[in-house]
Amino acid sequence: MRHRGGTRAGVARRVLDLLRTEGTLSRVELAERTGLTAATITNTVRPLIADGLVRESGRDPQPGRGQPRRLLRLVADAWHAVGVQVDRTTTTIEVLDFAGGRIATANLPGTGGRGPDATVESLAAHVGALLERAEVPRGRVLGAGLVTHGPQDLDRGVLLTAQPGPDWLEYPLAATLAERLGLPVLLENDATAAAVGELWAGAPRTDTFGLVYMASGIGGGVIVDGEVYRGRASNAVEIGHVALAGGATPCVCGGAGCAQAEAAPQAVVARALGDPALAARFGLTGARDGALADFDRIARAWRAGDADAAAMLERSARWIGQAAVTLVNLFDLDTVVLAGPAFTVAGSLYRDRVAAELERLALSRALSRPKVLVSADTGSAAALGGALHVLRAMQGAPRPADFARSPDERVQ
C-alpha cells in the first residue's frame with residue numbers, strides 16, 4: 001500500500017498505518033514497504049516506542065539470515081477512537097482501539113424528525129454510555145469521527161444542506177458534539193468514511209477503488225493510491241446526484257433523474273407503496289422515517305422468491321450500475337465496493353446487477369474485468385471509517401497539542 005509524505009509526522013503515520021494493517025512488522029520490513037532508509041525508520045520508531053504507541057513483540061526467525069528481526073506492533077490500549085454514523089434512519093457507533101480492533105458497538109434509530117440539538121444530546125449520551133460499558137476511560141479517547149451525508153464544510157464542521165430539515169443547515173454539528181462529549185470531533189462524509197473503513201479493514205486487495213454507499217440516500221467515495229480523493233472542498237464523488245440517462249424523478253438537490261431519486265431505498269419503497277396490494281404483501285409501514293426498514297422488508301421478500309420484489313430491486317440496481325459506470329470511467333477503476341445498511345439484505349443482487357452494467361459499459365472492460373464487492377460490514381463500514389479517520393488524523397508525532405498532554409491532564 002503506497003502512501004505519500006516525507007515530514008516526520010507523515011513518516012510516523014505511514015509506519016502506524018502499516019502496523020495497523022499488518023499487525024506485526026520488523027524495521028527492515030517497514031523500510032522495504034515504505035522505501036525509506038533503515039536510519040529513517042529507526043529514528044521514526046524510537047519516539048513512537050517512547051510515547052507508548054509501539055512496542056517490540058518478539059523476534060521473527062530468518063533461517064540462514066543471521067540475527068532474528070525484532071517485530072513491532074501497536075500498543076492497542078494506548079488510545080481509542082469513536083466512530084458515529086448517523087442519518088435519518090440509522091445510527092451506528094463503533095469504538096476502536098489504537099490497533100483498529102473493535103471494542104464496542106451500538107445500533108440505534110436515526111435522527112427521525114428530531115432537530116440537531118436533540119440529536120447531538122442523544123448521540124453524546126449514547127457514546128458516553130458505550131464508553132462506560134466498554135470500560136474505556138474518556139482520557140484514552142483521541143476523539144470521535146462524526147459521519148453523515150453531504151455536502152459538508154469539514155473545516156467548520158457543518159452541513160451545507162437543509163436535509164433532513166432546515167435547522168440542520170450550517171448548524172455547528174461537530175463543535176456542539178465536541179462540547180457535549182468533551183472530546184475533539186471530526187466531521188466526515190459517510191461514503192468517504194466507508195471507503196476509509198474498507199481501505200484498512202475491508203476486502204479489496206488494492207489501494208485504488210471506488211465505493212457506492214447506500215443508506216437512506218446514495219453517495220460515493222474513491223481511494224487513489226491509498227489516499228482519499230477529496231476534490232476541492234471534500235465534497236467530491238457525489239454519485240447520488242449524477243443524472244442518469246432515462247431518469248426523470250425530481251431530486252432533493254433540485255435536479256431530476258439523479259441516482260438517489262431513482263434508486264435509493266425511499267424511491268423503491270415509494271413505488272411499492274403506490275400499489276396497495278404489494279405494500280400489504282410486503283408488510284410496508286409507509287412511515288416517514290421508516291424507508292430503510294421498509295426497503296429491508298422488500299429485500300427479504302426478494303430473498304423469499306417474490307418476483308415483484310425482485311423486479312423493484314433489479315430496477316434500482318440497474319440505476320446504481322449506471323452511476324457506477326460513471327464512477328469507474330471517471331477514475332479509471334477496476335474495483336467497486338458496495339457499502340451501507342441498504343445493502344445488508346440484498347447486497348448480492350446489487351453486486352450482480354452492478355457488475356453486469358460495468359461489464360457492459362465500462363470503458364476499461366477490455367483491459368480487465370471490473371470487480372464488484374459487497375462490504376463485509378455493510379451496516380458499520382461508515383462508523384468504522386469514522387473512527388479510523390480519527391486514528392489516522394490524530395496519530396503520530398508531533399500530535400496536536402491537546403494530545404501531547406498525559407491522559408490525566410485531558411478531559412475525563
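Contact here means heavy atoms within 4.5 Å. Helices (H or I, at least four residues) and strands (E, at least two) are DSSP runs, numbered from the N terminus. Buried means under 20% relative accessible area, exposed over 50%, and partly exposed in between (1.4 Å probe, protein chains only). This is a predicted model, in which local features need pLDDT of at least 70 and side-chain atom pairs count only at pLDDT 80 or more, while totals for chains, interfaces and linings use all residues. Residues are numbered from 1 along each chain as its sequence is written, and side-chain values use heavy atoms, with hydrogens and water left out.

Start with helix α8. Its buried residues are P265, A267, V268, V269 and A272. They pack against β11 (209-214), α7 (259-263), α9 (276-282), α10 and α11.

One of these partners is α10. Axes are lines fitted to C-alpha atoms, for helices over the stretch in contact, and angles run from 0 to 180 degrees between N-to-C directions. Helix α8 (residues 265-273) meets helix α10 (residues 291-303) at about 65°, and their axes are 9 Å apart. That makes α8 roughly perpendicular to α10. On the α8 side, P265, Q266, V268, V269 and A272 make the contact; on the α10 side, A291, L292, D294, F295 and I298 do. By class, this contact has 8 nonpolar, 1 polar and 1 charged residues. Ala, Val, Leu, Ile, Met, Phe, Trp, Tyr, Cys and Pro count as nonpolar, Asp, Glu, Lys and Arg as charged, and the others, Gly among them, as polar.

Now turn to the core. A nonpolar core is a set of buried Ala, Val, Leu, Ile, Met, Phe, Trp, Tyr and Cys residues joined through side-chain atoms within 4.5 Å. The largest one has 49 residues, and V212, F282, I298, L313, Y350 and L358 have the most contacts inside it. Helix α11 (residues 307-331) gives the most to this core: 12 residues. A second, separate core has 45 residues, including V45, A194, L199 and A339. V212 touches, among others, I239, I320, L327 and A339, leaving aside residues up to four places away in sequence.

Helix α1 (residues 8-22) and helix α3 (residues 38-50) have axes that come within 10 Å and cross at roughly 80°. That makes α1 roughly perpendicular to α3. R8, V11, A12, V15 and L16 of α1 meet T40, I41, T44, V45, P47 and L48 of α3. These residues divide into 8 nonpolar, 2 polar and 1 charged.

Helix α6 (residues 190-201) and helix α13 (residues 381-394) pack at about 75°, with axes 7 Å apart. α6 and α13 are therefore roughly perpendicular to each other. Their contact divides into 7 nonpolar, 4 polar and 3 charged residues.

Finally, look at the loops. The peptide bond from G150 to P151 is cis, with omega near 0°. P151 sits in the loop between β7 (141-148) and β8 (152-153). The bond from Q163 to P164 is also cis, with omega near 5°. P164 lies in the loop between β9 (158-159) and α5 (173-181). E170 also lies between β9 and α5. E170 is not a glycine, yet has a positive phi of about 60°. At 43% relative accessibility, E170 counts as partly exposed. D332, in the loop between α11 and β14 (335-339), has a positive phi near 55°. D332 is exposed, with a relative accessible area of 60%.

Conventions
Parallel < 35°, antiparallel > 145°, perpendicular 65-115°, else oblique.
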